[in-house]
Amino acid sequence: MIPSCNRIKNKVLSGKRLSKEDAIKLFETDDIFTLGKLASYVAKKKNGNKAYFIRNIHVNPTNICVNRCKFCAFSRSKGEAGAYEMTIDEIISKIRTQKTEHRMQPKITPPNPPLGKEGHGGVSEVHIVGGLHPDWPFEYYLEMISRIKKSFPKICIKAFTATEIDYFSRISGKSVEDTLIELKKHGLDTMPGGGAEIFDTGVRSQICPEKLSGEGWINVMEAAHRAGIKTNATMLYGHVENYEQRVDHLLRLRELQDKTKGFQAFIPLAYHPKNTEIGGTYSSGIDDLKTIAVSRLVLDNFAHIKAYWIMLGEKLSQVALLFGADDIDGTIIDEKVTHSAGALSSKGLTAGELINMIKKAGKVPVERDSFYRAVK
C-alpha cells in the first residue's frame, strides 16, 4: 500500500474509526489483497470464521408501481405488458408451495454440523417487497401480513422497504410511526434495507427522481428502529455514482447506527443494467470486492456485511467471504427483481448448495434466523 494507506492500515489494526478521506483512499487503492486482508481481519474479530445463511422465500406481490425508477427493470405501469398483481390467497399459496419445495430438498449431513438440528427443513423467513400499487389500500397490506402470520406462525415476516412504508403512510393518512406500529401489530417482524440506492441528491435525481429521498429513507428507518423493528441497510452501486458519493452513503448509515443500533446487516447491491432506462454495464468483480471490503472497514458498528449471491453470483460471493463479508443471504427460491435486470445467477439455491459454497471458501456455515440466531 502507498504510505497514506499504511496509515489507514494502522488505524484499522488499532481499532480506530476511519474517516471520509480514509474510505475514499481505500476505494482508490490498487492493492486489493491488502484491502481484503484488512476487511477479513475485522470480519473475523466480529464473527470468527462463521458465514451465515438462511432458508428464506422471496415474494413480490406486484410489479405495478406508481414510480418508474430508471435503474429498475422490474416495475410496470398498470395495464402494461408484463404487469401482474397477486391476491392474498395467491401469496399464501406461493409460500405454501415454496415451503414444500424446501422440505423436498435433500437432507443435510455436514461432518461437524454447526447448524443446530440436522436436517432442519423449515423455512425461517419470508421476504416481501413489491411495487407501489396505485389501487391497493393500506388495509390490503395489513390483511396480507396478518394472514401470512396466521397461516405460517413460525415464519419471520421481513417485509416492505422504507419507500413502501412512506407510501403506505401517504395513502393511509397515518404518520410513518403509526404506519409501522400498525404493521407490527399485524405481524411484521423486521424490514429489508432496499430503496436506499445512493443518498446523494444529484445521483437520485438521475436514477430515481420520483422516489423517497435519501433523507426520507433515513427518517423511516430511524422511526422503524424506535418502534423496535430491526432492519437491514443497502447501497446500490455501479451506475452513475462516484466513490465520494458511496462513502457519503456509508457514513450516513454509520451515523444512524451510532444513534439507533437498529441495523442488523449491510448489503452492497451491484447494479444490473439490462432492461433499464439508464443502461450501462455490470460492475467488475474487483469493484464488487472493493465495495464489500470498504463497507466492512467503514461500517465498524454493523455486525454483518452480506454478499448477496443473487447479484454477485455464486463464485464471487465465495471470494467475498474472504473480503469482509460474513453472510451470503439464503435459499431465496424465486428471485424476480434482479433477474429482471439481467442477473446471471440462479434464481434460488438449496441449503446444501449454500453450505457447500461456504465450506469451499474455508468458512464455517451457520444456518441462522432473521435475527442472526443460530437455528436449533
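Colleague: Which residues in α10 meet which residues in α11?
Modeller: Tyr243, Arg246, Leu250, Leu251 and Arg254 in α10 meet Asp287, Lys290, Thr291, Val294, Ser295 and Val298 in α11. Contact means heavy atoms within 4.5 Å. The residues of this contact divide into five nonpolar, two polar and four charged. Here Ala, Val, Leu, Ile, Met, Phe, Trp, Tyr, Cys and Pro count as nonpolar, Asp, Glu, Lys and Arg as charged, and the others, Gly among them, as polar.

Colleague: What should I know about the model and the numbering?
Modeller: This is a predicted model, in which local features need pLDDT of at least 70 and side-chain atom pairs count only at pLDDT 80 or more, while totals for chains, interfaces and linings use all residues. Residues are numbered from 1 along each chain as its sequence is written, and side-chain values use heavy atoms, with hydrogens and water left out.

Colleague: Back to the helix pair. At what angle do α10 and α11 pack?
Modeller: About 35°, with the axes of α10 (residues 243–260) and α11 (residues 285–298) 10 Å apart. Axes are lines fitted to C-alpha atoms, for helices over the stretch in contact, and angles run from 0 to 180 degrees between N-to-C directions.

Colleague: How many helices and strands are in the chain?
Modeller: The chain has 15 helices and 10 strands. Both are DSSP runs numbered from the N terminus: helices are H or I with at least four residues, strands are E with at least two.

Colleague: What share of the chain is buried?
Modeller: Buried residues make up 59% of the 376 residues. Buried means under 20% relative accessible area, exposed over 50%, and partly exposed in between, with a 1.4 Å probe and protein chains only.

Colleague: Now α6. Why is α6 described as largely enclosed?
Modeller: Eight of the 11 residues of α6 (residues 162–172) are buried, so this helix is largely enclosed by the rest of the structure. The buried ones are Ala162, Thr163, Glu164, Ile165, Asp166, Tyr167, Phe168 and Ser169.

Colleague: What covers them?
Modeller: The cover includes α5 (138–151), α7 (176–186), β5 (190–191) and α9 (214–226). With α7, the α6 axis comes within 9 Å and crosses at roughly 105°. The two helices are therefore roughly perpendicular to each other; angles under 35 degrees count as roughly parallel, over 145 as roughly antiparallel, 65 to 115 as roughly perpendicular and the rest as oblique.

Colleague: Which residues meet there?
Modeller: Ile165, Phe168, Ser169 and Ser172 in α6 meet Val176, Thr179, Leu180 and Leu183 in α7. That contact divides into five nonpolar, three polar and no charged residues.

Colleague: What flanks α6?
Modeller: Phe160 is in the loop between β4 and α6. Its phi is positive, near 75°, in a residue other than glycine, and at 1% relative accessibility Phe160 counts as buried. α6 is followed by Gly173, which also has a positive phi, near 75°.

Colleague: Change of topic: where is Phe152, and what is Phe152 in contact with?
Modeller: Phe152 is in the loop between α5 and β4 (156–159). Leaving aside neighbours within four places in sequence, Phe152 is in contact with Ile92, Ile95, Arg96 and Lys99. Phe152 and Arg96 are 56 residues apart in sequence but 8.7 Å apart in space, C-alpha to C-alpha.

Colleague: Last one: which way do the residues of β2 point?
Modeller: In β2 (residues 56–59), Asn56 and His58 point one way and Ile57 and Val59 the other, and all are buried.
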